[in-house]
Amino acid sequence: MNGREKKEDNDLFFVCSLIEYIGRKTKNHRNVVVNAIGEEKLQHIYELADVYHSENIDKITDELISGYEIEQGVFDNVAAGKYSIPTHWDIGKVYRRLIVDVCNRQHKKPVETLVAVYNSWLSRKIEDFNSSLYYESPACLYESYRKGDVL
C-alpha cells in the first residue's frame, strides 16, 4: 500500500471516474458505458489503471468512445443539474466506495462488482444530481444497495 489507500482501490477509483467522464462526454447513463466497454476490457483498464492514470483523460476517453463505438445519447445530468454539480472524480469516489464495500462484505471481485453496481437501480439514483443521494454516507449507500431501496 502506497499512500492512504490500497493501490487496487485507487485503480478502481480511476476506472469509476473514467466511466463517469465518458458518460458525461457521450451523454449516456453510466451503465450504457460500462456495458459498451464490457467486463473483459474493464478488467484490462483496471489492471493498467496506474498507467492510464498518467495519460490525458480526454485522450483515453476518445480512444474508448471510438474503440467501443459508444454513441451519443440524450442523458445529460450535468445540464439538468439545478445545484452544484459533483466532478467526475467526486462521483468516481462514490462508486469506488460502494464497490469496495460490496466486495469486502460479499467477497466478490472488483470488476464483476463494478458491472453489477452500475447496472443496478442505485446507479440511476446516484446519477440524479438534483437529489442528494450521492452525498450519503458509504454505509447508507451500501445498505440501500443491499436492501434494494433507498434507506
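Trainee: How many helices and how many strands does the protein chain have?
Mentor: Keep in mind that this is a predicted model. Reading from the N terminus on, the elements run α-α-α-α-α-α-α-α-α-α. So the tally for the protein chain, with helices and strands counted as DSSP runs, is 10 helices and zero strands.

Trainee: What radius of gyration does the protein chain have, and how does that sit with a compact globule?
Mentor: The C-alpha atoms fill a box of roughly 40 × 40 × 25 Å along the principal axes. For 151 residues, a compact globule would come out near 15 Å. The protein chain agrees with that, at 15 Å.

Trainee: Among contacts between residues at least 6 apart in sequence, what share joins residues at least 24 apart?
Mentor: Start with burial: 44% of the 151 residues count as buried. Then take the contacts between residues at least 6 apart in sequence and ask which of them join residues at least 24 apart. That share is 75%.

Trainee: Which residues touch the most other members of the largest nonpolar core?
Mentor: That core holds 42 residues. Leu114 shows what such a residue touches: leaving out residues up to four places away in sequence, its partners are Leu12, Val15, Cys16, Ile19, Val34, Leu42 and Ile99. The residues that touch the most other members are Leu42, Leu98, Ile99 and Leu114.

Trainee: Are the buried residues of helix 5 on the same side or on opposite sides?
Mentor: In helix 5, residues 57-67, the buried ones are Ile57, Ile60, Thr61, Leu64 and Ile65. They cover an arc of only 130 degrees around the axis, so they sit on the same side. The general rule behind such patterns is that an α-helix has 3.6 residues a turn, so residues three or four places apart point the same way. For helix 5, then, the answer is the same side.

Trainee: What do the buried residues of helix 5 pack against?
Mentor: First set aside Ser66 and Gly67, which are exposed on the other side of helix 5. The packing partners of the buried residues are helix 1 (7-26), helix 3 (39-47), helix 4 (49-52) and helix 7.

Trainee: Which residue caps the N-terminal end of helix 5?
Mentor: Look for a side-chain oxygen at that end: one lies 2.7 Å from the backbone nitrogen of Asp58. Past the helix comes Glu69, with a positive phi near 50 degrees. The N-terminal cap is Asn56.

Trainee: Is Arg96 buried or exposed?
Mentor: Arg96 lies in helix 7, residues 88-106. Beyond its neighbours within four places in sequence, Arg96 is in contact with Glu5, Asp9, Leu12, Phe13 and Cys16. Its relative accessible area is 11%, and the cut-off for buried is under 20%, so Arg96 counts as buried.

Trainee: How many disulfides are there?
Mentor: A disulfide needs two cysteine sulfurs within 2.5 Å. For Cys16, the nearest cysteine sulfur belongs to Cys103 and is 10.0 Å away. For Cys140, the nearest is that of Cys16, 18 Å away. The count is zero.

Trainee: Which residues of helix 10 are buried?
Mentor: Helix 10 spans residues 138-147, and its buried residues pack against helix 7, helix 8 (110-118) and helix 9 (121-126). One of them is Cys140, with a relative accessible area of 16%. The helix is followed by Gly148, whose phi is positive, near 85 degrees. The buried residues of helix 10 are Cys140, Leu141, Tyr142, Ser144 and Tyr145.

Technical notes
Residues are numbered from 1 along each chain as its sequence is written. This is a predicted model: local features need pLDDT of at least 70, side-chain atom pairs count only at pLDDT 80 or more; totals for chains, interfaces and linings use all residues. Side-chain values use heavy atoms; hydrogens and water are left out. Buried means under 20% relative accessible area, exposed over 50%, partly exposed in between (1.4 Å probe, protein chains only). Helices (H or I, at least four residues) and strands (E, at least two) are DSSP runs, numbered from the N terminus. Contact means heavy atoms within 4.5 Å. The arc is that of the directions from the helix axis to the C-beta atoms. A polar contact is a pair of N or O atoms within 3.5 Å; within protein, one must be able to donate a hydrogen and the other to accept it, and residues adjacent in sequence count only if both atoms are side-chain atoms. A nonpolar core is a set of buried Ala, Val, Leu, Ile, Met, Phe, Trp, Tyr and Cys residues joined through side-chain atoms within 4.5 Å. The radius of gyration is taken over C-alpha atoms; the globule rule is 2.2 Å times the number of residues to the power 0.38.
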